[in-house]
Structures are given as C-alpha cells and as structure tokens.
Amino acid sequence: MPVTDTDVIIVGAGPCGLMLAGELRLAGVRTLVLERQPQIRDIPKASGIGGRILDLLRYRGLLERFEAASSDPDIAPRFPFGGLYLDFTDMVDPPMRALPIPQMEIERLLDEHARELGANIRRGHEVVGVSQDDAAVTADVRGPDGAFRVTARYLVGCDGGRSRIRDMAGIPFPGTTYPEVNRFAQVAVHDSVTALDNGDIDVPGLGRIQAGFTRTDRGVFAFAVGSGVLSFQTTESESAEYDDDEPLTLTELGDSARRVLGADLPLGDPIRLSRYTFKDRHADRYRAGRILLAGDAAHLFPATGTALNVGMLDSVNLAWKLGADIHGWAPAGLLDTYHDERHYAGGRARLQTRAQVALRRGHDAAADALRQVFQELVADEPALRRMGSLVGHTDIRYPMPGSDHHALAGTFAPNLTLHTDRGITSVAELMHPGRPVLLDLADRPDLREVARDWEHRIDIHTAKTDDRPADALLIRPDAHIAWAGGIDEPADAAAPALRQALSSWFGAPLEEAVPIIGRPS
C-alpha cells in the first residue's frame, strides 16, 4: 500500500462535499477538502432541504442544528411541481416535509460539523490537474501560497455541474440544457401593491393577479406573498448563457416581469435575487478508477427542490463504502454498489423532474388539459402520497443481492421507538455514530450469536418495539436495511441468511475484535 498524504480528497465544499467530509470522518477516514472559493459565498442558491435528507440528518443527530437555523422548522410544504403544486399542508402525516434554510447556512452548519470531526478544509485552493494509477490519485493544486501536489487513495469530485474533475476523469455527461431562464426574487411588497387576504395581489396597471402560476404568451409568472415579502419567479424562453458569478440585478428582474406580464411590476427593496437555467444531465458512471463523482457533478435535474437533497444522499451512501475499502475490510464489489445504487436513485429523481418539464413547458390546449388532469389526480390522497414519496426521495429501495428478501430489505430503516434495559431510545439515536447496526427486536440469541463474529464492525442492540416489522434488522451506516429477519423465522433459515448479508456488506468475520483506527470520539 503506497504512502499517501491523506485518504480521500474532496474537491468542492458545497453541501455535498461537506456532507461527505463529515461522513468520512465518522468512518475514521483522513479527509482533505479543497475548495476554489476563498469563503462560503452568500450568492443565493438553494433555499431549503426536504424529504429523505431530513430523516438522515435526524439519524446523525444534526437535525436540531438545522431547525434552529431555519425560518420555519416544521412545515408540510405546498411544493411547486411543473408549474402546479403538490399541496401537503392539510395532511396530518405528509409524505414529505421541507426545511426553509439558505444554502449558505446549510454550508456553514455542515462545515462546522465536518471540522468538529477533524476534517481538513482548505478554501481558496483550486485543483487544476488530476492523475491516477492503480494505487493512488494525485491532485495538482493552486493555493494562496503557490502550487503543490497532494496524493490520496481516492478523490471525489463534488465540484458542481461544470465539474472539472468529471472532465479530467473522462466521464461523459450527456443530456439537455433547456432554452429557458428562470429569475427568482424576494422583495419587499411595494407601497402601491395591495396584498389581499386570499393571497392574491392587486397591482396598478395590471389589476388582480391570482396567487400561484400565471401563464402568458411570453412566459410564466409565479408568486406568493406573506409578512410583507413578495416572492416571485419569472420563466422565459431564452437561449442566453449566463455566468454563474454574474448577479441578477433588480433592473434585469423588472424587465423580465414586464415582458411576461405586459406591464411594470412595482418592486420594493430586494432581499434575495437569483437566476438559473434548467439542465437535464446524468453522468454515464459515478466512478472512474480512484475518482468518483457526487452531487451536481454526477447529475443535474430540470426542476428545483431536488438536486441538493439527492447530492447529500449520494455522499452518505459513498462515505462508508470508501471507509470500508480504505480500512481493508470491504467485500468484493462494495464500492461499485455506490454507482449501482445512486445512479438508480438519480434516475428516479430525473424521472420526476423530467415529468415536470412536460407539465411546465407546454403552452397549447393539450398541455393545459394535461395540467388540469394532473392537478385533479393529485387532489386524491393516495396519488398525492405517491408523488410526495417520489419527489422527497423516500420511495427508494436499493436492490439487494440474492433472492427472497424481506419487504424491508433495501429500504430506509423506519425510526422505531425502542424500549431497552437502559430506557427508551430510537433507531435514529442508534445511527448517530454512523456505524452498522444489528437491531434484535425479538430477543433472538441465535441471531446475535451470528453477529458477534462482526462485533468489531457493527453495533448489536436488543430492544422491543410496538408492532415490530421484523424479528431483526441489519442496518447499514447510510440507514438502509441490508437484511431483515421475518417474524418468527426459524433459526435454520434466518441465521444463514444473516451471515450471508453480513459477509456481503461488511466483509469476512474476524476471530478477535479489532477497533476501527481513527474513529473520532
């Protein structure tokens, strides 16, 4: 094994890269993050997170930090979907929730967490070249103090949709850029604009505009108003390319609103201004040798509210598998399951965002009919729940090796309330350390005895829960279930199946317990 400067180099300190850094440190992996920008930027990008990533943050004990930084920590969203809405606000148990929080605040919290765990994060450092061989990867870096080289076992490109790492690794990124420009703003409600009790606004020269989406021959205008703030978006067909670093101005925004609405929209003082285009691209593969991709470097989706959540979940899936490989206990093919599982998940996200394109971009009578039919369908709770699960990324079930699996295998572990000899706990609390867990829910000493051969790698817990879904759950560090034992499943069937699952995901058993080196306390 070659001597390297670090175990993993992460290129890019956005939410995906910072999430990966924290997860790698939980796995005891030396981690270096290299970010081109000298500091966290306050350029408005994503405005929140939602769906499955909120569950994962709870399972790491981080959700309270994020909720404390949010303007509204527990909302069932009225989620925009292709120029329409999925309205979960009246549901007692909605299939997805959202947490409004600016991206710069997300990055600050993840940066803080990763540093607490010992990640080395260097800002103002640009990776200008990458090379690899069978044993290591080398990055050429340009930093404030000059150029240097750093070597690692692996390098992960979390450097966005225009990823230089992806290009240097030779990974194709096929897809489409749609000829439309979206301009989003939050501005103070102008004195001449009247906000009505039902959410509509009355605008001089325009009259009454209904809340939601207004379509004209020149584009789409969407808005919501509350607490003296007008949040709105314009969408226009336009093939112009804009530099990501070129800020949207109030003048450009007003011109766009005038073109779409046909008259001036009075604007108060700006709070947030941003501009973006929609791209539909998916990397052919998430790995090229010792270089891997995650987040926007691996996928771009043609709708809002998806990319950040999917990218952070990429990181959680990847980290423990890299850790297993670096610590030398990964079973054959484990790291390849990162591409298999997350490329599939990216495909599901691409499916629902492409469907949004079809709903959003049509302007004829047939498109109007499609939108009307869709809106009627999601007025029914079963259809609305299914769409919420798809958008929230909670419908993912990873394929498991072998056959005859329990229905829970491959799914995200439910957050069961657990009664133990030490008191009440939960699945979420057991997952805080980011280690694999065997959870015995039926006092099965036969299954615990099998798992003891892996005691140096997994945590074994016995508990009781109401309406147990299985006799035992083998939960991976990313909180997905690797194996589940059926209710009262005979030992001669359950024990060999558990042993096979432990070997498939966590390597060969060892006779003596060996601590994982470098795990933070």
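This is a predicted model: local features need pLDDT of at least 70, side-chain atom pairs count only at pLDDT 80 or more; totals for chains, interfaces and linings use all residues.
Figure 1. Cysteine 158 is buried, with a relative accessible area of 8%. Cysteine 16 is buried as well, at a relative accessible area of 9%. The sulfur of cysteine 16 lies 3.8 Å from that of cysteine 158, its closest cysteine sulfur, and this is too far for a bond, because a disulfide requires two cysteine sulfur atoms within 2.5 Å. Cysteine 158 is accordingly in no disulfide, and its nearest cysteine sulfur is that of cysteine 16. Searching the whole structure gives zero disulfides.

**Figure 2. The packing of helix 7 against helix 8.** Two packed helices are described by the angle between their axes and the distance between the axes. Helix 7 spans residues 307–326 and helix 8 spans residues 336–361. Their axes come within 10 Å and cross at roughly 170 degrees, which makes helix 7 roughly antiparallel to helix 8, since angles over 145 degrees count as such. On the helix 7 side, the contact is made by Val310, Leu313, Asp314, Asn317, Leu318 and Lys321. Helix 8 contributes Thr337, Tyr338, Glu341, Arg342 and Ala349. Sorted by class, the residues of this contact are five nonpolar, two polar and four charged.

**Figure 3. The largest nonpolar core, with Ile49 and Phe66.** In soluble globular proteins, nonpolar side chains tend to be buried together. The largest nonpolar core here holds 87 residues, and Ile49 and Phe66 have the most contacts inside it. Helix 7 supplies the largest share of this core, eight residues. With neighbours within four places in sequence left aside, isoleucine 49 is in contact with Leu54, Leu57, Phe66, Ala98, Leu99, Ile101, Ile106, Leu308, Asn309 and Met312. Another core, of 26 residues, lies apart from the largest one; among its members are Trp329, Met400, Trp454 and Ala501.

**Figure 4. Positive phi at aspartate 467 and alanine 479.** Most residues other than glycine have a negative phi. Aspartate 467 has a positive phi, near 50 degrees. This residue is in the loop between strand 25 (459–462) and strand 26 (472–475). Aspartate 467 counts as exposed, with 74% relative accessibility. Alanine 479, also not a glycine, has a positive phi of about 75 degrees. The loop that holds alanine 479 runs between strand 26 and strand 27 (481–485). Alanine 479 is buried, its relative accessible area being 0%.

**Figure 5. Glycine 205 in a loop between two strands.** The loop with glycine 205 lies between strand 13 (201–203) and strand 14 (207–209). Glycine 205 is exposed, at a relative accessible area of 77%. From glycine 205 to histidine 282 the separation is 77 residues in sequence and 44 Å in space, C-alpha to C-alpha.

**Figure 6. Aspartate 446 in helix 12.** Helix 12 covers residues 445–451 and includes aspartate 446. Aspartate 446 counts as partly exposed, with a relative accessibility of 24%. The C-alpha atoms of aspartate 446 and arginine 397 are 28 Å apart, and the two residues are separated by 49 residues along the chain.

Conventions:
Residues are numbered from 1 along each chain as its sequence is written. Side-chain values use heavy atoms; hydrogens and water are left out. Buried means under 20% relative accessible area, exposed over 50%, partly exposed in between (1.4 Å probe, protein chains only). Axes are lines fitted to C-alpha atoms, for helices over the stretch in contact, and angles run from 0 to 180 degrees between N-to-C directions. Helices (H or I, at least four residues) and strands (E, at least two) are DSSP runs, numbered from the N terminus. Angles under 35 degrees count as roughly parallel, over 145 as roughly antiparallel, 65 to 115 as roughly perpendicular and the rest as oblique. Contact means heavy atoms within 4.5 Å. Ala, Val, Leu, Ile, Met, Phe, Trp, Tyr, Cys and Pro count as nonpolar, Asp, Glu, Lys and Arg as charged, and the others, Gly among them, as polar. A nonpolar core is a set of buried Ala, Val, Leu, Ile, Met, Phe, Trp, Tyr and Cys residues joined through side-chain atoms within 4.5 Å.
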